[in-house]
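Please consider the structure shown here.

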Amino acid sequence: MNSSIFGKIFLWLIRSFNFVLANMKLPSRLNGRNRINRVFPIRNPILWLVLLTSLLLTGCVKYDVGLNFDNSNSGELVQHIKLGERLTSFSGDSVYEWLKSIERRARQLEGKAQRVSPEEIIVTIPFSSGRELQEKFNEFFNSRANQPSESVQSESGSELPKIESNVLLEENNFLLLVRNRLIYDLDLRSLSLIASKGNVLANAGSILDLEFSLKTPWGAKNIQLTETAIEPEKNGNKLVWKLQPGELNHIEAVFWLPSPLGIGGLLIILFVSGGLYLRYNFMPDPRIQFPPKAAAIQEQ
């Protein structure tokens, strides 16, 4: 119902605008028409529909994915999703069903979801190791899991574009510190164009606002392998990459994390060594302070 009303509004705007352009009085009517036709192809209402859709749906989806590390054994995956009112009114129940599926997947991975509003959600999924991060991240962003339910697919008549997402975390332990190399590949080539039943509606870059961030205690270093690689923005100990719809996004970064296991082991060694040092240097020998009972009995 909402989509049909929205379409009627678009057609009304197109017809009105075409009518105004056709009746404009310019000093040179012929030259004016030629100039207008070069800039505004008014004979093609489909093009105006694409233009109006792009303008009205600008910034409809804001999707931020972040990895926050406290140390090598503690961190969380945070997602902040905010949908524009224009998109929710245009797409109907399928968008809200998608948000519900995100909440279900978060609970399955021992995470939690906070609904800021019907159109905005914050998902937090904890992890305790690099291996657990890889498993939870790749499972959550699995393309099959991201597909809507069968009922929604049958109603909409189409499926979500297939998106391949994979994260890899290489860890090298140096006793007290752990060197991490994060590799993230996200294939968004299927989002080069937003289409419905084969008709191109708009460039996805004008509708989707996608970001990936990495926050660590001591910051991270971006590895730029090619000239066309995404250059992140640095905000303190946080790096933020602006993902590009319609392209294959490749991100690599290196960062160091403290190792609680190594630090705990070192503290235990220092504690035991300190106790032994005090025992034999500042305390009397217990053999002198407390002689054996047998020797005392013989003296009597």
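Glu 110 is placed in the loop between α5 (93-108) and β3 (112-117); helices (H or I, at least four residues) and strands (E, at least two) are DSSP runs, numbered from the N terminus. Although Glu 110 is not a glycine, its phi is positive, at about 65°. Glu 110 is also exposed, with a relative accessible area of 62%, where buried means under 20% relative accessible area, exposed over 50%, and partly exposed in between (1.4 Å probe, protein chains only). This is a predicted model, in which local features need pLDDT of at least 70 and side-chain atom pairs count only at pLDDT 80 or more, while totals for chains, interfaces and linings use all residues. Residues are numbered from 1 along each chain as its sequence is written, and side-chain values use heavy atoms, with hydrogens and water left out.

A positive phi of about 65° is also found at Leu 175, which is not a glycine. Leu 175 lies in the loop between β5 and β6 and, at 60% relative accessibility, counts as exposed. The two strands form a hairpin with 2 residues between them. Strand β5 (residues 164-174) and strand β6 (residues 177-187) pair in the antiparallel sense over 11 bridges; two strands pair if DSSP finds at least two bridges between them. Within this pairing, Leu 169 stands opposite Leu 182 in β6.

Strand β10 is joined to strand β13 (residues 248-258) by 2 bridges, and Lys 221 has Val 254 in β13 as its bridge partner.

The largest nonpolar core has 43 residues, and Leu 67, Phe 69, Phe 137, Phe 212 and Leu 214 have the most contacts inside it. Such a core is a set of buried Ala, Val, Leu, Ile, Met, Phe, Trp, Tyr and Cys residues joined through side-chain atoms within 4.5 Å. Its largest share, 5 residues, comes from strand β1 (residues 61-71). Not counting residues up to four places away in sequence, Leu 214 touches several residues, among them Leu 67, Phe 69, Leu 182 and Phe 255; contact means heavy atoms within 4.5 Å.

Finally, Phe 271 is found in helix α8 (residues 260-281) and is exposed, with a relative accessible area of 66%.
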